[in-house]
Amino acid sequence: MPPVSLIHILLVSTGLFFIGMYGLFTRRNLVTVLMAVELMLNSVNINFIAFNRYLFPGRLDGVFFTLFNIAIAAAEAAVAIAIIINLYRTHRSIDVEGAQEMKY
Amino acid sequence: MGVAGLYFWMDVNFIAAVQLVVYAGGIVVLIIFSIFLTQQAGNSMPAPPKGRVAAALVAVLIGAVFTGRLLYHTVFAPPAKIPFSAEPSAIGLQLLSTTNFGYVLPFEAVSMLLLAAMTGCIVIAMKEKKI
């Protein structure tokens with residue numbers, strides 16, 4: 001068993017989650033916002049794996065949740081980038097503030 | 001990514017390999033292409049307003065402090081003595097089994113989701129040409 005304990009991994013994933021949250025709140029570039037969302041999803045995956053490995057080592061449920069989460073994150077990134085490129089074609093800008101037509 | 005190294009550290013080699021393949025092979029290439037395609041927009045992008053940065057910092061700090069206190073005061077159960085093994089064969093068997101703890105229904109749902117995402121990307125990319 002490696003000498004790292006559960007609390008350290010949880011601290012790392014907390015740091016990743018809040019770095020992603022800060023980027024999500026402050027950035028104005030849509031691609032950077034997408035990368036921040038990916039960071040948050042990754043921290044959730046780390047939490048699933050860590051709890052599965054340290055608290056319930058006889059089962060594999062966290063591994064499956066992480067697998068499905070990675071698949072959903074990939075699909076989300078693909079659709080989001082298609083939307084971003086389409087927005088750039090019509091608006092010449094990928095600013096978050098620029099996309100306000102569908103707001104109301 | 002460093003997250004894959006963390007997975008290797010926790011003895012889940014299969015998840016680490018999946019993470020490396022999906023992120024290094026797919027998502028990073030997608031993000032780099034989108035940065036290339038939308039390059040000239042980043043030059044003149046104004047900085048975010050000061051109030052938003054301050055509010056985001058306050059929110060992030062409060063959240064991090066709450067979570068840190070929660071982690072500090074929670075007593076987790078001692079790690080079980082069973083050796084943890086995430087063999088790819090065991091993962092595959094449970095992923096496709098239809099018995100009690102099988103995951104074949106979410107597997108099919110995720111495959112339908114990926115198909116829908118691919119079709120949606122194609123439709124979004126084609127919409128410009130038709131008009």
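Guide: Start with one rule. Two residues are in contact when their C-beta atoms, placed from the backbone, lie within 7 Å. Keep in mind that this is a predicted model.

Visitor: What do the buried residues of α1(A) pack against?

Guide: In chain A, they pack against α2. In chain B, they pack against α1 (2-9) and α3.

Visitor: Which residues of α1(A) are buried?

Guide: They are I9(A), L10(A), S13(A), T14(A), L16(A), F17(A), F18(A), G20(A), M21(A), Y22(A), G23(A) and T26(A).

Visitor: Let me step back. How many helices and strands does chain A have?

Guide: Chain A has three helices and zero strands. Along the sequence, the pattern reads α-α-α. Of its 104 residues, 39% are buried. Now look at contacts in chain A with a separation of 6 or more: 49% of them join residues 24 or more positions apart.

Visitor: And chain B, how many helices and strands are there?

Guide: Chain B has five helices and zero strands. Its pattern is α-α-α-α-α. Buried residues make up 12% of the 131 residues in this chain.

Visitor: What should the 21 residues of α1(A) span?

Guide: At 1.5 Å a residue, they should span 30 Å. The end C-alpha atoms of α1(A) are 31 Å apart, which agrees.

Visitor: What describes two packed helices?

Guide: The angle between their axes and the distance between the axes. Helix α2 (residues 30-55) and helix α3 (residues 61-91) of chain A cross at roughly 175 degrees. Their axes come within 9 Å. An angle over 145 degrees counts as roughly antiparallel, so α2(A) and α3(A) are roughly antiparallel to each other.

Visitor: Which residues make that contact between α2(A) and α3(A)?

Guide: From α2(A), they include L30(A), V31(A), L34(A), E38(A), L41(A) and F48(A). From α3(A), they include D61(A), F65(A), I70(A), A73(A), A77(A) and I84(A). By class, the contact of α2(A) with α3(A) has 15 nonpolar, five polar and two charged residues.

Visitor: Now a pair that spans two chains. At what angle do α1 of chain A and α3 of chain B pack?

Guide: Helix α1 (residues 6-26) of chain A and helix α3 (residues 50-73) of chain B pack at about 165 degrees. Their axes are 9 Å apart. That makes α1(A) roughly antiparallel to α3(B). The crossing is right-handed.

Visitor: Which residues of α1(A) and α3(B) make the contact?

Guide: On α1(A), they include I7(A), L10(A), T14(A), F18(A), M21(A) and F25(A). On α3(B), R52(B), V53(B), A56(B), G63(B), T67(B) and L71(B) are among them. The classes for this contact of α1(A) with α3(B) are 13 nonpolar, five polar and one charged.

Visitor: How do I read a pair inside chain B? What is the angle between α1(B) and α2(B)?

Guide: About 170 degrees, between α1(B) and helix α2 (residues 13-37) of chain B. The axes of this pair are 7 Å apart. That makes α1(B) roughly antiparallel to α2(B). V3(B), A4(B), Y7(B) and F8(B) of α1(B) meet N13(B), I15(B), A16(B), Q19(B) and L20(B) of α2(B). Seven of these residues are nonpolar, two are polar and none is charged.

Visitor: How many residues does each chain put into the contact between chains A and B?

Guide: Chain A puts in 52 residues and chain B puts in 56. On the chain A side, α1, α2 and α3 each supply at least two residues. α3(A) gives the most, with 21 residues. That side of chain A has 39 nonpolar, eight polar and five charged residues.

Visitor: Let's zoom in on single residues. Is S13(A) buried or exposed?

Guide: S13(A) has 23 C-beta neighbours inside 10 Å, so it counts as buried. S13(A) lies in helix α1 of chain A. Beyond neighbours within four places in sequence, S13(A) is in contact with S43(A), I46(A) and N47(A). N45(A) is 32 residues away along the chain, with 8.8 Å between its C-alpha atom and that of S13(A).

Visitor: Where is N86(A) found?

Guide: N86(A) is in helix α3 of chain A. With 15 C-beta neighbours inside 10 Å, N86(A) counts as partly exposed. N86(A) and N29(A) are 57 residues apart in sequence. C-alpha to C-alpha, these two are 15 Å apart in space.

Key. Residues numbered from 1 in each chain as written. Chains lettered and ligands numbered in written order. Predicted model: local features only at pLDDT ≥ 70, side-chain atom pairs only at ≥ 80, totals over all residues. Axes fitted to C-alpha atoms, helices over the stretch in contact; angles between N-to-C directions. Helix = DSSP H or I, 4+ residues; strand = E, 2+ residues; numbered from the N terminus. Parallel < 35°, antiparallel > 145°, perpendicular 65-115°, else oblique. Left-handed = near helix turned anticlockwise from the far one by under 90°. Nonpolar A, V, L, I, M, F, W, Y, C, P; charged D, E, K, R; others polar. Buried ≥ 20, exposed ≤ 12 C-beta atoms within 10 Å, placed from the backbone. Expected span 1.5 Å × (residues − 1).
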